[in-house]
Amino acid sequence: MRDPVTDFEYPGAWVAACRSPDLLDDVRRGLAVLTASGTILRRGFSTGTTAAAACKAAVLSLACETVREVDVTLPCGIAVRLPVDGYRGQASCRKDAGDYTADVTGGLEFIAMAAPSLSGGVQFVPGEGIGSFARDTPRHLRGTPAISDPALDCIRRSIDEAVEEADLSGTTVILTIPRGAEVAQKTLNPRVGVHGGISVLGTTGFVEPWDDHVTEGVIDRIARVPGAVVLTTGRLGLRYSRLLFPDHEAILVGNRLEEALRAVDGDAVICGLPGLILKFMNPDVLEGSGCATVEELSATPLWEETVRRELAAFRARYPHIRVVIVDRDGRIIGESP
C-alpha cells in the first residue's frame, strides 16, 4: 500500500498492525497516514485548501443559494470534499487540522463574498486577516499578500470551476479571515516579516499530523533503509532529492532532523531548501546579519561565506553526513565536500 501524497510504500508489518482496518481506505486515498504502531492519523487541510473551499462555495451560492459542501482538487492532485456554509454569495469554511493537535490555525473561519462581474472575468481579492510582507524579500515585494503560489493556484482554479458550474460570465471574490491577525501572533509570521494576518499556504493542500506517532514511523522507516538515505525537510526538497539522488531513498522528516540523524546508521544526505537546514545547523545563523529570514540572507553578500562556514562546522560534527542545499528552482546553492 502506497501513500499517494509522499509516495511512501507502507511496510507490510505496519499494515498488519493497523488498529483500524476500516480506515485503511482513507490511507490509500491520502486522507490519512498509517504509523509504525498501527495507528491511523487524519491529515488536516491547509489554509490554502480552506480558502479555496470558501471561495468556491461563495461563487456556487450565487446560482443555487445554499451550498453545504464543495469539491476541491488539491495541489498534490487529490480531490477532496469539504463542508462549507454558503448562502447567496457568502460562504464560510472552518480549517480542519486533522490529527495535528498543535495547529494553531485549526478551527479558524475563512469567509468569502462573491458578486457577479458584469464585465466578465474573474477577480480574487485578499482581504482582512490575510498577512502581507512587511518589506521586500527575494521573492515578494512589500505589501504583497502572503499567499503561496500553490495555494493561489488552488484558489483560482476552484473559483474558475465554480464560475463555469454556475454559468457566470465572471465574478469578484473577496476572502477574509476575521481572526487572522490575532491567530498570526501565535505563528512564525511576526518573525519572518509577515504582518496583519496569517499566511495562506499549502504545497500539497494537506497538513501533516506531525506528532510523536508520526515521528516514530519516520524513524522506523529510516532504520529500515539498507543503504544511504536522503533526509529532506519539505515537499520541494523531497522532489529535488529524488531528482538529485535517484539511487537513494528520500524521506521527508520535516523539522525532525535531529531525531532522524540519530536513527541513521552509516552515510546520509540532508537535502532541501536553506531555511530549516541552516537553522538546524546553527539556530543563531541570522544573528548580526540584519536579516529576518534565511531567504533574505540568501540575497545578501553575506550568503556565500555564511554557508561555507556553517557547512564546514556541521561537517566537523557529522563527518558521515553530506549536506546539499537547493533553491526553489532546484539549483544547488550550497554543498558540503
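**Entry 1: the sheet**

I looked up the open sheet and found 6 strands in the order β4-β5-β6-β7-β11-β8, with mixed pairing. At its edges are β4 and β8 (121–126), each of which pairs on one side only. On average, neighbouring strands of this sheet are turned by 25 degrees against each other, direction ignored.

My terms: strands (E, at least two residues) and helices (H or I, at least four) are DSSP runs, numbered from the N terminus. Two strands count as paired if DSSP finds at least two bridges between them. Axes are lines fitted to C-alpha atoms, for helices over the stretch in contact, and angles run from 0 to 180 degrees between N-to-C directions.

A note on the source: this is a predicted model, where local features need pLDDT of at least 70 and side-chain atom pairs count only at pLDDT 80 or more, while totals for chains, interfaces and linings use all residues. Residues are numbered from 1 along each chain as its sequence is written, and side-chain values use heavy atoms, with hydrogens and water left out.

**Entry 2: β4 beside β5**

I checked β4 (residues 66–73) next, and β4 pairs with β5 in the antiparallel sense over 7 bridges. Going along the pair, I found Val67 opposite Gly86, Val70 partnered with Leu82 and Thr73 with Ala79. The two strands form a hairpin with 5 residues between them, and Gly77 in the turn has a positive phi of about 95 degrees.

**Entry 3: β5 beside β6**

On to β6 (residues 90–94), which runs antiparallel to β5 and is joined to β5 by 3 bridges. Here Gly86 stands opposite Ala91. This hairpin has 2 residues between its strands, and Arg88 in the turn has a positive phi of about 50 degrees.

**Entry 4: faces and helix**

Which residues of β5 (79–87) are on the covered face? I listed Val80, Leu82, Val84 and Gly86, with Ala79, Arg81, Pro83, Asp85 and Tyr87 on the uncovered one.

Lastly, I looked at helix α3 (residues 47–64), which lies across β4, β5, β6, β7 (109–116), β8 and β11 (170–176). Helix α3 runs at about 35 degrees to β7.

Methods:
Buried means under 20% relative accessible area, exposed over 50%, partly exposed in between (1.4 Å probe, protein chains only). Contact means heavy atoms within 4.5 Å.
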